[in-house]
Amino acid sequence: MAAVDERRERLVRLVNAEGSVSFAQIKKAFSDVSDMTLRTDLKALDAERRIVRVHGGARSVETVVGTDGLIDSRSTRNVDAKEIVAAKAAELVRANGTIFLDSGSTTTMLARSLRDQREIVFTNSVTCAVELAHLEQVRTILIGGNLNRYSLSLYGGRSVEDVRRLSFDQLFLGVTAFQSSSGFMCGSDEDAVLKRACIERADQTIVLMDSSKVGRRSTFQICDLDAVDVVVSDGELPHEFLRACDNADVKVM
């Protein structure tokens, strides 16, 4: 591996480990590298979408995206499991109802799987909206907010305000991780706030989660297990998680 590639790999690992680093931290970690070279490295890694360059430093992609990676890379991981989850979830959608589709690769698959029937679908996901545009009877409403160019979703105070003015029958929620001590989690505090607002406004909260998410770590808590009604997964959930769902009166599909 060339010296420049090795240095950039080390830089990516540093940013991912910390989540967010200042340029001063980067300079300290790479004291033998000039400021100009480090700034060139940051610019190149941002262009490759491996880190996110911000004013005064850099942030990890997971921290910015708030889910489990870039939307284009996520759509190629665990595809079979996600397709199982999406197909099961589509069967739960009620005709003539109102639903909210969270952002993410699995919810995008769900949008692609929906029947063309009368219902109102709210979403903060641009990719979900593109899939829903193919359906004639579905009325699709995008909430407002700032565009996250990595996850192609809308977020921020405007998004939360919009959600708090709404009520919907069903929420289909994406998560990054689940741990028994922390509940459902994601990689962005702003994303977690929006997800909690959606839970508050939904009659039924349905988590879409393939089994790889159980036991993983992330940063920001969304909610505890007992805050949701249904978990839709790929049939490979560990027994400990299934027992926890049973104790919390959470249905598993």
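This is a predicted model: local features need pLDDT of at least 70, side-chain atom pairs count only at pLDDT 80 or more; totals for chains, interfaces and linings use all residues.
Residues are numbered from 1 along each chain as its sequence is written, and side-chain values use heavy atoms, with hydrogens and water left out.

Q: What makes strand 11 and strand 13 a pair?
A: Two strands pair if DSSP finds at least two bridges between them. Strand 11 (residues 183–186) and strand 13 are joined by three bridges, so they pass that test, and they run antiparallel. Phenylalanine 184 stands opposite cysteine 223 in strand 13.

Q: Why are strand 10 and strand 13 called edge strands?
A: The open sheet has three strands in the order 10-11-13, with antiparallel pairing. Strand 10 (177–179) and strand 13 (220–223) each pair on one side only.

Q: How do you know that strand 12 is largely enclosed?
A: Buried means under 20% relative accessible area, exposed over 50%, and partly exposed in between (1.4 Å probe, protein chains only). Six of the seven residues of strand 12 (residues 202–208) are buried, so the rest of the structure largely encloses this strand.

Q: Which strands does strand 12 pair with in the parallel sense?
A: One is strand 9 (residues 168–174), over six bridges, with leucine 171 opposite threonine 205. Strand 14 (residues 230–232) is another, joined to strand 12 by three bridges and running parallel; here isoleucine 206 stands opposite valine 230.

Q: What counts as a strand here?
A: Strands (E, at least two residues) and helices (H or I, at least four) are DSSP runs, numbered from the N terminus.
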